[in-house]
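Hello,

Here is the structure I promised to pass on. Please open it first, then read my notes below.

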Amino acid sequence: MRLIQVVQTPELRLEVKAGQEQLDRVVKGAYASDLLSNVMARANEGNIWITLQAHQNIVAVAALLNLAGIVIAGGIEPQEDTLLKAEEEGIPILTTPLSSFEVAGRLYALGIGADDGQAKMAQS
Amino acid sequence: MIIANSYDVTLSVAGHDFVTAGEAASQIKRTLETLNLPPKLVRRASICAYEAEMNIIIHACRGQMGLRVTEDKVAIVAHDEGPGIANLDRAMEEGYSTASEEIREMGFGAGMGLPNMKKCADKLSIKTKVNEGTRVEIIIYLPTSEG
């Protein structure tokens with residue numbers, strides 16, 4: 001599945017805030033966490049990252065891990081410098097009024113599971 | 001996987017500067033990608049570099065990071081002028097952190113930085129002196145044959 005298909009799923013109520021040009025990325029799983037080091041350790045390339053963090057440091061994490069994009073949940077609006085950095089780095093930032101739990105559940109229902117690579121990565 | 005010549009990079013990291021946080025790690029990652037190292041190794045090195053960089057930004061006044069790639073290994077060194085680590089054994093425990101409440105609210109200071117580095121590195125050595133600073137060296141060995 002591509003990120004654009006996720007964006008076009010009405011129930012997710014997603015709004016694209018940055019990275020409009022990068023929506024053709026292939027989504028390989030998702031990960032939800034608000035602790036940046038936990039995301040560094042457990043999220044994998046191609047994952048969608050669901051978080052409540054909206055400051056600019058989330059962009060560096062997503063870029064270092066080659067994530068597909070970031071969903072900022074809970075109706076939280078990203079700061080302006082977060083969006084500027086995301087455009088620079090080519091990281092899609094999506095917002096939704098839904099909670100992290102609802103986003104995760106709806107992504108799972110779309111067939112986006114936890115990435116299989118995750119368990120392998122945790123061991124390596 | 002053989003790198004013909006050693007490759008060195010030195011980067012400055014400013015303590016408490018969250019604006020440019022992650023740039024040293026990004027540059028290290030880009031360099032390793034340019035050298036066509038295996039993606040899993042690049043990931044491990046990126047995680048180590050990011051955690052080391054964030055530790056300087058969260059805790060120290062200033063610091064430097066260095067990358068050296070030789071034919072058998074990737075070495076990342078981060079050293080800083082800062083508070084040092086008073087209890088290194090505890091600092092290595094997952095969940096132990098001395099970061100402020102404000103920094104924790106940003107999702108940092110979860111007490112996972114050093115444990116993450118330890119998991120991703122083949123060798124992690126830390127030298128630290130209270131009120132002077134800390135030097136962290138991360139070694140990741142390159143695979144001896146392809147893959």
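**Where the chains meet**

There is 1 salt bridge between chain B and chain A. Its partners are the side chains of Glu23(B) and Lys85(A), at 3.8 Å from N to O. Keep in mind that this is a predicted model.

Polar contacts also cross the interface of chain B and chain A: 15 residue pairs, both residues at pLDDT 80 or more. Which elements of chain B give two or more residues to the side that touches chain A? They are α1 (23-34), α2 (39-59) and α5 (113-120). The largest share, 6 residues, comes from α2(B). By type, the residues on this side of chain B divide into 10 nonpolar, 7 polar and 8 charged.

Now the totals. In chain B, 25 residues are in contact with 23 residues of chain A. Together the two chains bury about 2000 Å² between them, with 53% of it on carbon and sulfur atoms.

**The nonpolar cores**

In soluble globular proteins, nonpolar side chains tend to be buried together. Here the largest nonpolar core has 64 residues. Those with the most contacts inside this core include Ile93(A), Leu32(B), Tyr50(B) and Ile138(B). Again α2(B) gives the largest share, with 12 residues of this core.

Take a look at Tyr50(B). Leaving aside neighbours within four places in sequence, what does Tyr50(B) contact? From chain A, the list has Leu36(A), Met40(A), Asn57(A), Val61(A) and Leu64(A). From chain B, it has Gly22(B), Ala25(B) and Phe108(B).

Another core, of 18 residues, lies apart from the largest one. Val6(A), Leu12(A), Leu23(A) and Leu94(A) are among its members.

Best wishes

How values were computed
Residues are numbered from 1 along each chain as its sequence is written. Chains are lettered from A and ligands numbered from 1 in the order in which they are written. This is a predicted model: local features need pLDDT of at least 70, side-chain atom pairs count only at pLDDT 80 or more; totals for chains, interfaces and linings use all residues. Side-chain values use heavy atoms; hydrogens and water are left out. Contact means heavy atoms within 4.5 Å. Buried area is the accessible area (1.4 Å probe) that two parts lose on being put together, summed over both. A salt bridge is a side-chain nitrogen of Lys or Arg within 4 Å of a carboxyl oxygen of Asp or Glu. A polar contact is a pair of N or O atoms within 3.5 Å; within protein, one must be able to donate a hydrogen and the other to accept it, and residues adjacent in sequence count only if both atoms are side-chain atoms. Helices (H or I, at least four residues) and strands (E, at least two) are DSSP runs, numbered from the N terminus. Ala, Val, Leu, Ile, Met, Phe, Trp, Tyr, Cys and Pro count as nonpolar, Asp, Glu, Lys and Arg as charged, and the others, Gly among them, as polar. A nonpolar core is a set of buried Ala, Val, Leu, Ile, Met, Phe, Trp, Tyr and Cys residues joined through side-chain atoms within 4.5 Å. Buried means under 20% relative accessible area, exposed over 50%, partly exposed in between (1.4 Å probe, protein chains only).
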